[in-house]
Amino acid sequence: MLGICYIHDLNATTPVLKVVLALPVLLWSTLSLAQVDKCKCVENTTDSFTGHRIVQTKFYTIGKTERSNSAFIVAVRRVDSVYFLHVISPMTDCVGPDTEVSFKTSAGQVISFNHFGDVDCGSTVVVAGASAHVNSTIRITVDNELVRKGGLSMVRVSNREHYTNVNLPMPMNLRTVFDCADVTFNKPAR
C-alpha cells in the first residue's frame, strides 16, 4: 500500500516544502513494496500420476555476462530430491548435448554439467513490427551440494565453438534461488 502524507500546519505559501517532505514517505512505501517476498514459485504441486513432489521457482536474474552485459536468468525445478537448473542461454547458438554450464567456486574448483534434452534453437518473435530472438533454455541436473549451497564466483556457459562467462555479484544469487525452492518444497503442495 502506498503511503499518503498529509501535511498540516505548514504555511500554504510553501508548496515546495510540502512536496519535499512528502517525497521520502512515498519513496519509502514504494521501495518497501519491491522488497516483499523475493522467493516466488510458479509451481508447488504433487503429480497425481507419479506422486512426485514438484516445485519450480520463477526465473531470476542472478548475474551479468562479461562480454555483452546481458542478464543471466535461471529458475530451479526440484522434483523430490533431484534439482534441475533452467538457464536462459546467454549465447545466440542452439543448445544441445555439447552445451555445458560450468560453475567456478571461490576456492577455484570447476564443476560442469551438460544440457539434457532436445536441441533447442530458441525462436524469433515479432514485437511491434521488429523481430527479436528469444534465447533457448539450457536444462541441467545439479547433483552437487557445493553448487546448491553457494560459494560460487563465476559461471561459464559453453558449447564447441563459443563460451560466455557470467559474474555472480547480484544479491539474488544462485544459492538464494535454490533456497527458495527448498523453502517452498517444505510447505504443503497446492
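Select Cys180 to begin: this residue is buried, with a relative accessible area of 4%. Buried means under 20% relative accessible area, exposed over 50%, and partly exposed in between (1.4 Å probe, protein chains only). The model is predicted, so local features need pLDDT of at least 70 and side-chain atom pairs count only at pLDDT 80 or more, while totals for chains, interfaces and linings use all residues. Residues are numbered from 1 along each chain as its sequence is written, and side-chain values use heavy atoms, with hydrogens and water left out.

**The disulfides**

A disulfide joins Cys39 to Cys180, S to S 2.0 Å; the term covers a pair of cysteine sulfur atoms within 2.5 Å. Cys39 lies in the loop between α1 (15-34) and β1 (41-46) and Cys180 in helix α3, so the link ties together parts that are 141 residues apart in sequence. Helices (H or I, at least four residues) and strands (E, at least two) are DSSP runs, numbered from the N terminus. Cys39 is partly exposed, at 25% relative accessibility.

Next, select Cys94 and Cys121, whose sulfur atoms are 1.9 Å apart in a disulfide. Cys94 is in the loop between β5 and β6, and Cys121 in the loop between β7 and β8 (123-127), so this pair connects parts 27 residues apart in sequence. The structure holds two disulfides, and their pattern is 1-4, 2-3, with bonded cysteines counted along the chain. Cys41 is in no disulfide; its nearest cysteine sulfur, that of Cys180, is 4.0 Å away.

**The core**

Now select Ile62, Leu85, Phe103 and Leu174. These have the most contacts inside the largest nonpolar core, which has 32 residues. Such a core is a set of buried Ala, Val, Leu, Ile, Met, Phe, Trp, Tyr and Cys residues joined through side-chain atoms within 4.5 Å. The largest share, six residues, comes from α3.

Phe103 is buried at 1%, and Phe113 is buried at 8%.

**Around Phe185**

Finally, select Phe185. Arg78 lies over the face of this ring, 3.7 Å from the ring centre, and the charged end of Arg53 sits over the ring of Phe185 at 4.9 Å from its centre. A charge sits over a ring if NZ of Lys or CZ of Arg is within 6 Å of the ring centre and within 35 degrees of the ring normal.
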